[in-house]
Amino acid sequence: MNIGLGKIYKMRMFSKALIIGSALCTGLWGSAGFAVQPSAAQLEMLKSLPKSQQEELIKQYAPDLIQNSSAQMPVESTLETTAEPVIESRDVDEDLSRSMQAKEAKKSIDAADLQERQVTTAIEEEIKPFGYDLFAGTPSTFAPLANAPVPADYVMGPGDTLNVQIYGAENDSYVLQIDREGNIQLPNAGPLQIAGMRFNEASKMIESEITRAVIGVEVSVTAGALRSIRVFVLGDVYKPGAYVVSGLSTMSNALLSSGGIKTIGSLRNIQLKRNGKVISTLDLYDFLLKGDMSKDVSLLDGDVLFVPTLKKTVTVAGEVKRPAVYELKKERTLGEIIQLAGGFTQNASPAHSKLERIREDGFREVKDVNLRAKKVLQQRIQNGDSIRVLASVDEYKDIVLVNGSVSRPGEYQWRDGLRIADLFRGQSADEFLARTDLEHVFIKREVGIERNIQILMVNLKEALQTPQNAENISLQARDELLVLNFDDNRVEVLQPWVADLKRQANQNQLAQVVSVSGSVNYPGEYPYVQGMSIQELLSVAGGASLTSMEKALLKRENAYNRQVSALLIGLNSEMSLKAQAMDELIVLDVNGIEEIESEKRELSQIQADEEGTPSKLSPVKDSHQRVQALVKRLREQSTSELPAQIVSVEGFVRFPGEYPLTEGMSAQELIELAGGFAESAYTLKGEVVSRNISQQDQQLRVENQIVSLDEQSLASLKLQSMDSLVVKRKPDWTERRVVTLSGEVKFPGTYVLKEQETLADLIQRAGGFTNQAFIRGTILQRQALLDKQNQELEKMRYQLESILAQSASKKTSMTSSEATEQLSKILQQANQAKATGRLSLVNRDENYYAAFSSVLLQDLDKVHVPEEPRTVSVIGEVFATQTFNFDSNMDASDYIQMAGGPNSLADMDRAYIVKASGRVVPLQQSGFFYASARAEIDQGDVIVIPMDVEKLQPLELWKEVATIAGQVGLALASFNAVGVF
């Protein structure tokens, strides 16, 4: 360490004595501000420190002495520093991260030594050395002892003051300070030597001397301000150095002033040295663990407090009350170490503990130790050992768990011979909640070393009624009962168990799960119970609904090759068949033909869901779509040797389509799967189309045969793969057709059509027109026309939007702002326009009755006979679109004038009138001005003034816009004329 030679010379001249170059002994100033000299004993102690530590202390406490210099400062340099009365707070974890003991505590065991089993014993969580945060961070040096009482054995010395009070014959008080020679000046008695005496001895001497000199007085002696002493705190402390502390300070006060002990320092061998000899040793574990500070002796001026480096440690982790790294002193056995750590916690499993030790060859080893055994507790420990006490298993052992629709769910004690009925004492109703399903109680049981789960099902009702019944099974430890309720979604309740069963499945064993879909009360997945029948499976699912078919399909999967097959199950018979894992019972519904047809495009949803997740579709859709998913699976697994096991039924059955081919399947069973014959079916004769591959030339041959469709013939007709049964429609069959008649007829309502019925026939059946009927305004709306008009309107809207977007994107002179504005107006009108689906009923002669007789009605037609409207409307390019009361004395020009007249964009040459009958007639003009338009106007008419798109030049595609604008105007006018649907 280099400092300037002039600086060294100056220090030597100033101190006039050799002071060691350690900041620990030279970095102090007295309370009066003058440099103090270390004693010979202190110098000897400091010289005994390693050179590196002395240099470190010089850097820390005398940085002003270390400047740029080429001279080497000797250890014996005369340095003077100032005492620091306050030590800032610190974090013990910073020391811990650098501590070798902490690093050792975080190591784990080599997995190779334990044959692929990794046992972590070297403290996965952060384990701190015990007790080092006790003195970390200190207050002011004098603050803790400023008002402390003076003990009787306190040794008086120069600088101490005594408060003497005299009362009696004389009253007076004095403050006496011990001078450098150790004397105090007693009033009326002279000097008195008390330095080196204990406080109680000095008090008695003073009292004696004063009472001897002054007769008739009493004397009280108390301690006043006490002297400060200088002590050295050395070794492995946070800030080693010389400290000026109160004369009442003890060893612990000095440690507190130095900021505490480093994590490499010993807490159990703190030495107090006086005149070069150890006079006391402090073990802080006595204070931390027992609260015993009897060996925390008081300090004298010049004392040295030395903290050596710790030597032996043991790590204790896991389920002990104080997991930490402990310093060893007198402890020799495992039992003593456990006591040091406070003993075991309530969750500890001492019989399953680990001892990690470093062997002589440098490798680590792990020993399983039973800390409940006395011999093990007496086993000797070694430096660096790590003990880990494992926790008890967080599981119950001898219990039975009851959940679900019971009054008192929870854990119950298991005992040998416990039966399920024993859990429910008595048969009172308060044992269960309302609507409890006692016939289907599930039990989850762990089997084997792997603790795979197995599901049992019992009839608890029979078990309670007859304890000798086989349903009253014996329970095993850790069995879990689930009692269902009819109001719960049992599929959701059982879903966690189903998920567990799926997770434990492997390539050699199917998941122990079954499912029920379609027309049942609780479709979904259920745990598979060994030996359960199809009847029991259907019963668990709440049974089939009232609308289910008499036949159901059973999808079965082969555990060996994962090939699926189908079985046909009669719901009124064949229910004793045993179920297998991964079976899926598909119960079809006889209703919902229209619903199924509308949902065929959703087939992909169920095909992508072959794992059996409960479908969100209706039971009808669900069941039939699962059939199609099964058909798809059968088709995918077909080969040239094994054709797809599929048949189909076409034509007039309730549910035509493809179905799985079951073993020995007859045509009658296929008809039953398809829901039976439709009402329109021709049930006398049908046709079977077969597809066969010739074994000789591998050619496909399609053959057909006419078959009888009576029940006996169908039952005897066995089907083969890819056969198709065709059911024809009855000759001249027509479906029920209806027409809705409303308005001014005597009997409005819905009528079923007869063959070749006309509109005139229908009105006659409805009693004819009323007196208020506006016959020529009769409206016939036809669904096919309505759909077509809607398509045309949508097409026009799209075209207008495209033209408008094109004109907006170009933003050139080719399209004026006025043209763009008018385009937007036409688009707005197109969005407001509605299709009418109206069929015009009149001929040229406007003979309405003759026209009605020629109109043949169709299914879903709507006929409305309005009352006389007595209005005329003007729409289009006028200043104000209006509807006016009809006046027979007014013509078209009058109504146009009342609407404000045509605007600048009006095209009067193409103006027209939409008559109430639906006919469109042009607005004839005989002169140059529109005022000469004298067309006859009838009530209910709509006058349309179209837009002259050519006036918007330059506008691209103006011809196309003109056509669209005319169609939009006609649609608006037609709807105004109808306005009823």
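**Loop residues and a positive patch in a predicted model**

Asparagine 188 counts as exposed because its relative accessibility is 62%. Here, buried means under 20% relative accessible area, exposed means over 50%, and partly exposed lies in between, with a 1.4 Å probe and protein chains only. The model is a predicted one: local features need pLDDT of at least 70, side-chain atom pairs count only at pLDDT 80 or more, and totals for chains, interfaces and linings use all residues. Residues are numbered from 1 along each chain as its sequence is written, and side-chain values use heavy atoms, leaving out hydrogens and water.

Asparagine 188 sits in the loop between β5 (183-186) and β6 (190-193). Helices (H or I, at least four residues) and strands (E, at least two) are DSSP runs, numbered from the N terminus. Beyond its neighbours within four places in sequence, asparagine 188 is in contact with Ala213 and Val214. Contact means heavy atoms within 4.5 Å. Valine 214 is 26 residues from asparagine 188 along the chain, and their C-alpha atoms are separated by 7.9 Å.

The protein as a whole has 25 helices and 42 strands. Of its 981 residues, 46% count as buried. Contacts between residues at least 6 apart in sequence were also examined; 66% of them join residues at least 24 apart. The protein exposes about 50,500 Å², and carbon and sulfur atoms supply 48% of this area. Accessible areas come from the Shrake-Rupley method with a 1.4 Å probe; for residues, only the protein chains shown count as cover.

Lys311, Lys312, Arg332 and Arg380 form a positive surface patch. Patch residues have over 30% relative accessible area and no salt bridge, and like charges are joined within 9 Å, nonpolar side chains (Val, Leu, Ile, Met, Phe, Trp, Tyr) within 5 Å. A salt bridge is a side-chain nitrogen of Lys or Arg within 4 Å of a carboxyl oxygen of Asp or Glu. Lysine 311 belongs to the loop between β12 (304-307) and β13 (313-318). Its relative accessibility is 72%, so lysine 311 counts as exposed.

Two further loop residues have positive phi values. Arginine 451, a residue other than glycine, has a positive phi near 60°. It is placed in the loop between β20 (436-447) and β21 (452-458). Arginine 451 counts as partly exposed because its relative accessibility is 36%. For glutamine 756, also not a glycine, phi is positive and near 55°. Glutamine 756 occupies the loop between β34 (749-752) and α20 (759-765). With 57% relative accessibility, glutamine 756 counts as exposed.

Conventions:
Lys, Arg positive; Asp, Glu negative; His and termini not counted. Charge placed at Lys NZ, Arg CZ, Asp CG, Glu CD.
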